Amino acid sequence: MSRAERVWEVPLDAAVWAPVAAGEARLALSSASAGGRPALRLDFDFKEGAGFVVARCPVQFEVCEDYTVTFRLRGVGRNNNLEIKLVDSIGQNVW
């Protein structure tokens with residue numbers, strides 16, 4: 001398999017993820033199953049106020065300039081923005 005075809009899987013065990021919440025928002029993470037496959041469940045509540053939630057998982061992958069992130073997403077909630085951010089090892093650069 002060439003470097004361009006490499007597939008990395010992020011662990012879906014809630015024990016390796018850290019919940020982060022700002023403002024009045026709340027986030028709880030748990031391991032779940034969806035369609036017979038492991039899943040990470042995010043239970044969040046923005047308490048009708050401003051804030052954000054982050055599910056953070058430290059992994060170390062070297063990615064090429066051209067990469068693709070794929071995942072399955074299912075949920076119920078108000079319209080909002082979903083952002084995926086990759087941070088370098090020193091926390092200085094975010095993509």
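Ala 22 is a handy place to start: leaving aside its neighbours within four places in sequence, Ala 22 is in contact with Ala 50, Gly 51 and Phe 52. Keep in mind that this is a predicted model. Here's a quick tour, starting from that residue.

**Around Ala 22**
- Ala 22 sits in strand β1, which covers residues 18–23.
- Gly 51, one of its contacts, is 29 residues away along the chain, yet the two C-alpha atoms are separated by 5.0 Å.

**The overall layout**
- The C-alpha trace spans about 45 × 35 × 25 Å along its principal axes.
- Take the contacts between residues at least 6 apart in sequence: 45% of them join residues at least 24 apart.

**Inside the chain**
- Of the chain's 95 residues, 9% count as buried.
- The largest nonpolar core is made of 6 residues, namely Ala 14, Trp 17, Leu 27, Leu 29, Leu 40 and Cys 57.
- Leu 29 belongs to that core, and beyond its neighbours within four places in sequence it is in contact with Ala 14, Trp 17, Ala 18, Pro 19, Leu 40, Arg 41, Leu 42 and Ala 55.

Terms used. Residues numbered from 1 in each chain as written. Predicted model: local features only at pLDDT ≥ 70, side-chain atom pairs only at ≥ 80, totals over all residues. Heavy atoms only, no water. Buried < 20%, exposed > 50% of the residue type's maximum accessible area, 1.4 Å probe, protein only. Contact = heavy atoms within 4.5 Å. Core = buried A, V, L, I, M, F, W, Y, C linked by side-chain atoms within 4.5 Å. Helix = DSSP H or I, 4+ residues; strand = E, 2+ residues; numbered from the N terminus.
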